[in-house]
Amino acid sequence: MAVVSLTQMQQGKSGKIIEIQGGRDLTTRLEALGLRPGVQIEKIGSQFIRGPVMVRIGRTQVAIGFKMAGKVLVEERDE
Amino acid sequence: MSKKEKPLKILLMGNPNVGKSVFFSRLSGVHVIASNYPGTTVEFTKGLMHLEGKDVEVIDVPGTYTLEPVSPAEEVACQMLNEGDIVINVLDATNLPRNLNLTLSLCKEGVPMVIALNFWDETKHKGIEIDVKRLEAILGVPCIPTCAITGEGFNELIARLKEAKVGSCEYEDQERWHKIGEIVEEVESLTHRHHRLGERLAELTINPWSGIPIALLILFLIFKTIQFIGEGLIGHLFNLFFESLWAPFILRLSEILGGGGLLHDILIGRLIEGKIDFEQSFGLLTTGLFVEFAVVLPYIFSFYLILSLIEDSGYLPRLAVLMDTLLHRLGLHGGAVIPLMLGMGCNVAGILGTRIMETKRERFIATTLLAITVPCMAQIAMVVGLVGRYGSMGLSLVFGTIFVLWVILGLLQNRLLPGESMEIFLEIPPYRIPHLRGLLKKVWIRLIWFIKEATPWLLAGVLLANILYTFGIIDYLGGLAAPIVSGIWGLPPETSGAFLIGLLRKDIAVGMLIPFDLTLPQLVISSIVLTMYFPCAATFATLIKELGILDMIKAAFIMISSTIVVGGLLNLILNLIFHI
């Protein structure tokens, strides 16, 4: 099982968030939409040229800016 | 007489895009704008409802994910909490875990509350079952399934408002998500997976390979449809009305007034070859009403009809994601698409919409971009009417140049202003089929709002223009402004009047250009200059309120200097091209 950031993660893969590398500001902002360690997350896709990453957490779809997404580390599930 | 008791205050609180505004309209009968994207409501709105013979105040609060605000709109929500007597916590029942996060925080605030499980119809559709009784027992407050659009559950909600209680759910702060997990586990069960096909189609509109071509197609269709409906209404309805019914009436009035004199000039203006020319007569009852109702209003209607349709469908957040990469380089993020689109209807609405933005820097960039490079629909309608006579070439030049300027101005500000662009972080709501009645209601509110906002300024503009002409002030000002207007921009000095009136309203200012028989390059330059040089009175007032005096001065400096430069460059370039 590989640990990757949301930006490195492959489209269509899912996994579990294990760490958010940032200060309290970032973690509270992400947590508001349910992104926090321990949560299952699926990468739906991403936009061109370092654009936002689209993910699904539970039944919520969220778009996350590239830099922010780079700070979310996920343990990718092997399929 | 004893002092009247203060009315009970009911707050509608919840995450963004859970339907609070539809709730509000239902409870209070006051209609507010509701859409399918997070952040429609940026200010609170108050309304009254009757509850057991008493007047109760209902307050629509901007949506918030947490009680720790990240934008001015969310700050409003958190401040309001101290004022409420009862909170109706509106939840998106299809998304229980995320919504319960705010609910649990509210439990700790000690305000009596009632929970509305909204989008109940959609939960059933998606195969989600929620044990409402169990949820009620755990949270210790009444929970009522609702569907705000159809009104399902509202009688029960209102009947149970008096049972509002402070939530009894106990937990440690660090344990909140754990607690939410437990609750959801207990009350929710899934009966079947939701439709995969619809979801796949929805994903096509957000994945870049398919999403960008689709977005371009949609934008193209939007503009074509707006133009089609706008022109259709003008040609088949409004023109007919003005020419065949209104003109004879005004001619009679002209006779009664003796065909001349100050009152005649102000109300009717000049007769051209003994006839009313609605474009050039320039009286309050002729050009004034004609511009507002026969040229601008059809486009405003058409624009808001299409915008409201797009808003309610849930497409805008997807467009926001697709445009994020570009907007990021302009110092904004994808979320700015929403205020920018609103600004195309009316800059005032767009500038108010920037309250969903997190930083001052972003709001400054967005408001200046709106004020300088986003023409409002009233002006667009007039420009289409005037420049469009020379074919699509002129229009492409005007709007193409404005688009390029928008990009350049954003790039420059992003480069020069300290700080960096914020990152997008946006929930993508599911697509929803717009509800016809709600949609028409929204278009209606916006039309009424436009008529109220625009009419006084428009008539004042026509009146002032008349006075300025009558007393020869325009000629005097024309002389003063000639070095810029003629020297740099290459326009006849008499057009200075239009730039003066443009400080009140842009649409009437464009109308003032009609009699001068301008060449195509001159029309293009004057349309662009009128967009950029300074905002109309209503936008200016809003800018001062939102930016403060100091930033307004900065913004004004950017406006004026960029207009002089751009107008001058265009004059050089266009004359080179057109004179070869």
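Which residues does B:Ile300 touch, not counting those up to four places away in sequence? I looked, and found B:Met377, B:Ala378, B:Leu447 and B:Phe450. I count two residues as in contact if their C-beta atoms, placed from the backbone, lie within 7 Å.

A note on the source: this is a predicted model, where local features need pLDDT of at least 70, side-chain atom pairs count only at pLDDT 80 or more, and totals for chains, interfaces and linings use all residues. Residues are numbered from 1 along each chain as its sequence is written, and chains are lettered from A in the order in which they are written.

Next I checked the domains of chain B, whose bounds come from an automatic or database domain assignment. I noted domain 1 (9-194) and domain 2 (208-423 + 437-579), with C-alpha centres 40 Å apart.

Then I turned to the chain contact. Chain B brings 25 residues and chain A brings 24 residues. On the side of chain B that touches chain A, helix 3 (96-108), helix 12 (315-329) and strand 10 (425-428) each give two or more residues. Helices (H or I, at least four residues) and strands (E, at least two) are DSSP runs, numbered from the N terminus.

Strand 5 (residues 60-64) of chain A runs antiparallel to strand 10 of chain B, and four bridges join them; strands pair if DSSP finds at least two bridges between them. I also looked up A:Ile64, and its bridge partner in strand 10 of chain B is B:Phe425.
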